[in-house]
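Here is a friendly note to read with the structure open beside you. Take the points in turn, and find each place in the picture before moving on.

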Amino acid sequence: MTKNEQDIDLEGLPEILPIIPLRNSVLFPHQIIPLAVGREKSLNLLNDVRDKMKYIGVIAQKQGLIDDPGQEDLYEWGTIATVLKVIDLPDDSKSVIVQGLQRFKVLDYTQFDPYIKVVTQKMEDLGKESLQTEALVLNLRNLVQAISEYLPNITGEHLMMLANIQDPGRLTDTAVSLLNLETGEKEEILEEIDIYNRLEKATFLLNNYLQKLEIGSKIQNEVHGEISKSQREYFLREQLKAIKKELGDDQEGMEIQELRERLEKAELPEDAQKVAEKEIDRLARMPSSSAEYTVARTYIDWLLELPWTKETEDNLDLSDAERILDGDHYGLNKVKKRILEYLAVRKLKADMKGPILCFLGPPGVGKTSLGRSIAGALGREFVRISLGGLRDEAEIRGHRRTYIGALPGRIIQGIKRAATRNPVFMLDEIDKVGMDFRGDPSSALLEVLDPEQNFSFSDHYLDVDFDLSKVMFIATANIADPVPPALRDRMEILELPGYIEEEKLHIAKKFLVPKQIEEHGLKPEQCIFHDDALRQIIRSYTREAGVRNLEREIAAICRNIAKRVASDTQESAEIDEERVRDALGPIKFYSEASERIIRPGIATGVAWTASGGDILFIEATRMKGKGNLILTGQLGDVMKESAQAALSYIRSRAEELGLKDVDFESENIHVHVPAGGIPKDGPSAGVTILSAISSLLTHRCVKSDLAMTGEITLRGTVLPVGGIKEKVLAAHRAGIRCMIMPWKNENDLEETPEEVRQEMKFHFVKEMSEVLELTLRPDCVEETSNQE
C-alpha cells in the first residue's frame with residue numbers, strides 16, 4: 001500500500017462521483033496509470049476537481065470508438081480513483097495520473113452535462129484465506145512467471161512486485177492488469193468480489209493467454225526456420241552464380257540473354273512484346289530448380305516461336321497456279337475456278353483476307369488432297385488437322401496455363417508447325433465434330449472461321465491475340481446437315497460431285513495407276529493397264545462416287561503382278577479384262593440396268609446418299625385382304641407417308657386410270673424397297689412409288705431404261721427435290737440414259753458434268769399424269785427377258 005493510500009479514509013469516500021469513461025482498458029484498485037484526456041466532458045471534469053477533493057470514478061466503455069458515451073455504453077462497475085497529478089499539454093488536452101482505490105457499482109446516473117455523475121455503492125472483497133485459495137495463488141504466480149518468458153514488457157521488477165503482494169484479491173487484480181487482455185475479460189475480474197471466484201476466473205484467463213502465446217511462438221519459430229532456410233538457399237545460389245560467372249559457365253544467365261536476343265529478332269506485336277518481356281524478367285528472378293521455371297520457359301518459347309509477322313509470298317502467276325492444279329487433280333473445275341479468282345483479287349489487292357471455304361462431297365473425291373494441291377499452287381505451307389470425334393473445346397482454344405501440362409489449341413499448334421502466318425489450313429471432317437460436358441468445339445470454331453473476328457483470335461494458353469486473317473481455311477465435310485447453321489453460314493460451301501466413268505478412267509490412267517506401280521516397286525513397262533480393264537474395274541468391282549476403292553483394286557492387281565515378277569515367273573504383264581478377273585475374282589457389282597423390269601409393279605428410282613447417290617428398285621404386289629397398305633424395307637416416316645399419298649391419289653383417280661374394276665377394299669397392296677438392311681427416308685421416292693403401284697394395278701410394265709425422282713401431292717402435283725446432281729450421276733453410273741424429274745429442278749442440271757447431260761435424256765414434269773404417260777409401256781403384256 002502506498003503512502004497516499006494510507007492517508008485516504010476509504011470509508012469517507014463520496015457516494016456521488018464524477019465519471020471519466022475509459023477506452024479499451026480497465027482501472028483496478030491499487031493500480032496507478034496515466035490517462036490521456038481530450039474529450040470535452042472529461043476536460044470539464046478535470047477543471048472542476050483540480051482545486052477540490054480529487055476523487056473521481058473511472059468506468060470502462062463497452063465500445064472504445066464511441067466519443068460521447070451514454071449510460072448504455074458504460075459498464076455497471078468501475079473503480080474509485082484519486083487524481084494524483086494533472087499535466088497540461090500543448091494541444092489543449094491533458095494527461096492525468098490516477099490511482100485506483102476501491103471497486104464500486106453504479107446505482108444511478110445523476111447528470112450527463114457538463115460531465116457524467118453517478119451514485120455509487122462501494123464494494124468490499126469477500127472471502128477468507130484457505131488452502132484452496134493458497135493453491136490458486138501459487139498457480140497464479142507460476143502462470144505469470146511462464147507468461148513473462150514470452151512477454152518482454154513483464155520485467156523482473158514486476159515479478160518481484162507480485163511476489164511481495166500477500167493479499168490474494170490485490171494479487172489477482174495486479175496480475176490481470178499487467179496483461180493485454182480484452183476489456184470484457186478484465187471487467188469480468190473487476191466485477192467479481194468473491195476472492196476465490198476471482199482467482200479461479202483469473203487462472204482460467206491466464207491459462208488461455210499462455211496457450212495462445214505458446215502456439216504463436218511455435219508458429220513464429222517455424223516461419224523463422226523456413227525464412228532462414230530460404231535465405232540460406234538464396235545466398236548459396238547467389239554464390240553459385242558468382243562462381244559460375246568467374247568460371248565462364250553461367251548457363252542460366254546465358255539462357256536469359258539468349259531469350260532476350262531471340263525476342264529482339266522475333267518482331268512481335270506490341271502486346272505480345274510486352275508480355276514476353278514481362279515473362280523473361282520474371283524468369284530471370286526465378287530459380288531454375290523451381291517447377292514454375294519450366295512452365296514459364298515453355299510459355300516464352302511458344303511466344304517467340306510463333307510466326308507473328310513471317311509469311312510466305314503468294315504465287316500470283318495465274319497460269320502457273322492453274323497448271324499446278326490441273327496437274328494434281330482432274331476435273332473439279334468449280335473449285336479450281338474459285339482458287340484462281342482468289343489469286344486474281346489477291347494480285348490486285350495485296351491486303352485481302354483469306355477466304356473460308358468448305359469442300360462438301362462424298363468420300364474419295366479428293367477433298368483433302370485438293371487442299372494440299374491448293375497450297376502448292378499458292379506457294380504456301382499446308383497444315384491439316386482432323387476434327388473427327390473432337391469433343392473438347394480446349395482442343396481448339398487451348399488450356400489455361402494454370403493447368404499442369406497446358407498447351408495451346410490445335411489452331412495455334414498448326415500455325416507454329418507451318419512457321420508462317422498465312423498457310424493453307426485444312427480442317428478435315430468438320431461435320432464429325434461432337435460435343436459433351438467439356439464444351440462445344442464447333443462454337444469455338446465460330447471465331448476461327450469468321451473473317452470479322454479471327455484477326456484477334458484469343459487462345460487460352462497464349463492469352464495474347466493472334467491474327468488469323470491471313471490464313472486460308474479450308475474445311476471438308478461429307479454432309480452439310482450436322483454442321484451447325486451459324487458455322488455453316490461463315491463458310492463458302494463448294495460442292496464436289498461424284499466422278500462419272502470417264503473421269504474415273506482419266507484419273508486412274510493419269511494418277512492412280514502410276515502411283516500404285518511406283519509404290520509396288522514396279523516399272524511402267526512391267527504393268528500396262530488397258531482402258532477396257534480399267535472400265536471393268538470401275539463398273540464391276542467398285543460402286544462409289546470417289547476413287548478410293550478403285551485405287552485399292554488397282555493396288556490389288558499391282559500386288560499380283562509384283563508377286564509374279566519377284567518370283568521370276570513373269571517379267572511384265574498387260575492388264576486386260578481377263579487378267580482383272582483372275583486378280584480380283586468374281587464380279588462384285590452388276591449394272592442394275594441389265595436387270596430389266598420384266599413384270600408390272602417394279603419401278604426404278606434414284607436416291608441421294610452420303611457416298612454420292614444410288615439407284616433403287618421399288619416393288620409392289622397385290623393380294624387378297626382388307627384394303628391395307630403394307631410397307632417394308634426399313635422405310636422412314638416421310639417415305640411411308642409418300643406411299644400412302646400415292647395410293648390415295650390412285651384411288652381418287654381410279655376411273656381416269658382405268659381402274660374402276662379394282663376393288664381396293666378387298667385387296668392388300670404391299671410395297672417393298674430392297675436392301676432392307678439400309679434405312680431409307682425422304683419424299684423424293686413419291687413419283688417412283690406411285691409409278692410402281694400404277695404399273696401393278698394396270699398390268700403395264702414400267703420402262704426398264706428409265707429412272708425417276710420427285711415428291712408428289714394428293715392433287716397429283718410433282719414437287720422439286722434435292723440432290724439432283726448426285727442422283728443423275730448415280731443413274732448414269734448404273735447405265736440408265738433416261739430420267740424423269742420435277743420441272744423446277746431443271747436449273748439444277750447445270751451443276752452436272754456436260755458429258756453426262758449430253759449422254760442422257762431428261763423429262764421435266766409438273767403432274768403425275770405426265771409421269772404415267774412417260775413411264776408405263778402401252779402394251780399390257782409382260783416383257784420377256786429378250787425384249788427391249
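In what sense do strand β5 and β6 pair, and over how many bridges? The first point takes this up, and the others move on from there.

1. **β5 and β6.** Please remember from the start that this is a predicted model. In it, strand β5 (residues 94-111) pairs with β6 in the antiparallel sense, over 7 bridges. To see one place where the two strands face each other, find F104, which stands opposite K122 in β6. The link between β5 and β6 is a hairpin of 4 residues.

2. **A peptide bond to look at.** Stay with the loop between β5 and β6, which is where P114 has its place. The peptide bond that joins D113 and P114 is cis, with omega at about 0°. This deserves a second look because most peptide bonds are trans.

3. **The other partner of β6.** Strand β6 (residues 116-123) is also joined to strand β1 (residues 16-22), by 4 bridges, and these strands run antiparallel.

4. **A positive phi.** Now go to the loop between β1 and β2 (32-37), where N24 lies. N24 is not a glycine, yet its phi is positive, at about 55°. Why point this out? Most residues other than glycine have a negative phi.

5. **A parallel sheet.** Next comes an open sheet of 5 strands with parallel pairing, in the order β8-β9-β12-β7-β13. Its edge strands are β8 (382-386) and β13 (492-495), each of which pairs on one side only. From one strand to the next, the twist averages 20°. Within this order, strand β9 (residues 424-428) and strand β12 (residues 472-477) run parallel and are joined by 4 bridges. As a landmark, V424 stands opposite M472 in β12.

6. **α12 with α13.** How do two helices lie against each other? Take helix α12 (residues 333-348) and helix α13 (residues 367-378): their axes come within 12 Å and cross at roughly 30°. Angles under 35 degrees count as roughly parallel, and α12 and α13 are therefore roughly parallel to each other. Their crossing is right-handed. On the α12 side the contact is made by V335, I339, Y342 and L343, and on the α13 side by L370, I374 and L378. Sorted by class, the residues of this contact are 7 nonpolar, no polar and no charged.

7. **α11 with α13.** Helix α11 (residues 318-328) also meets α13: the two axes come within 8 Å and cross at roughly 155°. Angles over 145 degrees count as roughly antiparallel, so α11 is roughly antiparallel to α13. The crossing of α11 past α13 is right-handed. In this contact, A321, I324, L325 and D328 of α11 meet S373, I374, G376 and A377 of α13. Here the classes are 5 nonpolar, 2 polar and 1 charged.

8. **α19 with α21.** For another kind of crossing, look at helix α19 (residues 531-541) and helix α21 (residues 577-584), whose axes come within 8 Å and cross at roughly 45°. These helices are therefore oblique to each other. The crossing of α19 and α21 is right-handed. The contact is made by D532, A533, Q536, I537 and Y541 of α19, together with E577, V580, R581 and L584 of α21. By class, this contact has 5 nonpolar, 1 polar and 3 charged residues.

9. **Confidence.** Last, a word on the scores. The protein has an average pLDDT of 83, and 92% of the residues score at least 70. Which elements have the lowest and the highest mean pLDDT? The lowest belongs to helix α1 (residues 3-7), at 52, and the highest to strand β24 (residues 761-765), at 93. Over residues 783-788 the pLDDT stays under 50, and for these residues the model has 8 contacts beyond four places in sequence.

Conventions:
Residues numbered from 1 in each chain as written. Predicted model: local features only at pLDDT ≥ 70, side-chain atom pairs only at ≥ 80, totals over all residues. Heavy atoms only, no water. Axes fitted to C-alpha atoms, helices over the stretch in contact; angles between N-to-C directions. Parallel < 35°, antiparallel > 145°, perpendicular 65-115°, else oblique. Left-handed = near helix turned anticlockwise from the far one by under 90°. Contact = heavy atoms within 4.5 Å. Nonpolar A, V, L, I, M, F, W, Y, C, P; charged D, E, K, R; others polar. pLDDT = per-residue confidence, 0-100. Pairing = 2+ DSSP bridges.
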